[in-house]
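Dear colleague,

Please find the structure below, followed by a summary of what was found in it.

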Amino acid sequence: MADDDTPRRRDCGTMQVHRRLLDTDRDYARRLARIEDHAFRAAMSGPALRPGCTRIPVVVHVVWRTQAQNISQAQIDSQIAVLNRDFRKQNSDISSVPAPFAPLAGDARIEFELATVDPDGNPTDGVTRTETSKTSFGSDDEVKFDAQGGKDAWPRDDYLNIWVCQLSGGLLGYAQFPGGPAATDGVVVTHTGFGTTGTAAAPFDKGRTTTHEIGHWLNLRHIWGDDGNGCSGSDFVADTPNQGGPNTGKPAFPTVSCGNGPNGDMFMNYMDYVDDDTMVMFSEGQITRMQACLDGPRSSIGTAVSCGGVGPKPLPKDPPKEFPKDGPKDFPKDPPKEFPKDGPKDFPKDPPKDFPKDGPKDFPKDPPKDFPKDGPKDFPKDPPKDFPKDGPKDFPKDGPFDPGPKNVIDDLPKNIIGDIPGKGIKDPPKSFLEPPFDPGFPGQPQPPVFPGIPGLPFVMGTGAPPAQPPVQDMRGQYLGHYAQILQQYAALNQRGMLDAQGHAAWQQAWAAYQQLGGS
């Protein structure tokens, strides 16, 4: 691909990377299953679960062969500025969201800054520059290794790695979902789709390719569910309409597919394939999913900050020169003559005689005696001993993340029970509190019971219960999600990839499915 050839249609390689990892990394699917379980529980618990904002350190690895590819600091700075506007809902084009979707657009409360300290503790400007002999790179991750003409990643627990290089075949960028290998974790963007100045070229010169790819890095899927042009895929987000394939260019509103009229596709979403000047929003459901990612698999990265603004505003070193030394000359020396010396004569000197001195006599001194001191005693301490060894025999052949129905309960697999743990048990677990949920995230706490649906937990590490329980018609959506999770665990079990912890997680997912009304 020549330097002057720039993509004219958005092409993202994230799903290529995802499928390759499913084929080559034995543990990747198991990690994803736990991450998805965590994300779905967060979705049931409601939005805005993490307090404040999260500021993420970024390192930009510029891998270049020509001087044009060795992009300027100004181009890098322009991209960081775009990210801070887009993820804080401060982009000026947010006003272009059609009225039906405007209430769903939200502030992701995520900010970005170039790293100031490198992995060795030395000062840095957050940019590395590597000259390469490679003409271009693909989605095979070669750009992420010194030995293959690229640049090794900085530790993913401390930095968001972004590689900027020349991509081939019209590829704009790609990312790695959470749960992938540490050595390749991060985002790759072609230099003509990075930032808003320098080599950035229309129609991808607004910095939205990086916004899109970081969405993937934070566990967002393409909005149409990656099932081609069908209507059975899912992005695992409840408030994004079901959509029949990607939109490109600049669609007109409404664009209807999959019977989603009258409003049609949310094509202006950052996770579609439209031009940069047409994608302008994340939905609240997507934000909850990203926050779940930051609270789970990516909990080690970033710093909690106030959401008062993107970056501190420096105070002036000196006071303004025009600041007056004296007060205004026309300020009256004496107070007005008509100013009353005393307060109003009719102001009561004493409080009303009938004002109660003490609080109500009938206020209880002690809390009710019947308030339970401990949680329910019927939580099982151990998983059932008769946990099945094999999952359903008819699980699809094509891996654990084949898309299922997006939100139609009637289309759930009728054989979902199969050999799922819990079938045949007289007293299945009434909550997820025992055995402990452990998705492998650092510092994961024991999940408290979610108050809206009895027995369902909320496992976000920094969260709090929502003000309202989820509405009744959301149960169908989550039944579908948990049906997919159960199928994933069954497939992993058939392949011999579930250890004791995985079996416990499978049991917990089955209990949740039952509590939502599945059978």
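Asp-226 has a relative accessibility of 15%, so it counts as buried (under 20% relative accessible area, with exposed over 50% and partly exposed in between; 1.4 Å probe, protein chains only). Its phi is near 55°, a positive value in a residue other than glycine. Phe-236, likewise not a glycine, has a positive phi of about 65°, and at 9% relative accessibility Phe-236 counts as buried. Helices (H or I, at least four residues) and strands (E, at least two) are DSSP runs, numbered from the N terminus.

This is a predicted model, in which local features need pLDDT of at least 70 and side-chain atom pairs count only at pLDDT 80 or more, while totals for chains, interfaces and linings use all residues. Residues are numbered from 1 along each chain as its sequence is written, and side-chain values use heavy atoms, with hydrogens and water left out.

Two cis peptide bonds may be of interest. One joins Ala-202 and Pro-203, with omega about 5°; Pro-203 is in the loop between β6 (187–190) and α4 (208–217). The other runs from Gly-261 to Pro-262, with omega near 5°, and Pro-262 lies in the loop between β7 (248–249) and β8 (273–274). Most residues other than glycine have a negative phi, and most peptide bonds are trans.

Finally, four of the five residues of strand β2 (residues 110–114) are buried, so β2 is largely enclosed by the rest of the structure.

Yours sincerely
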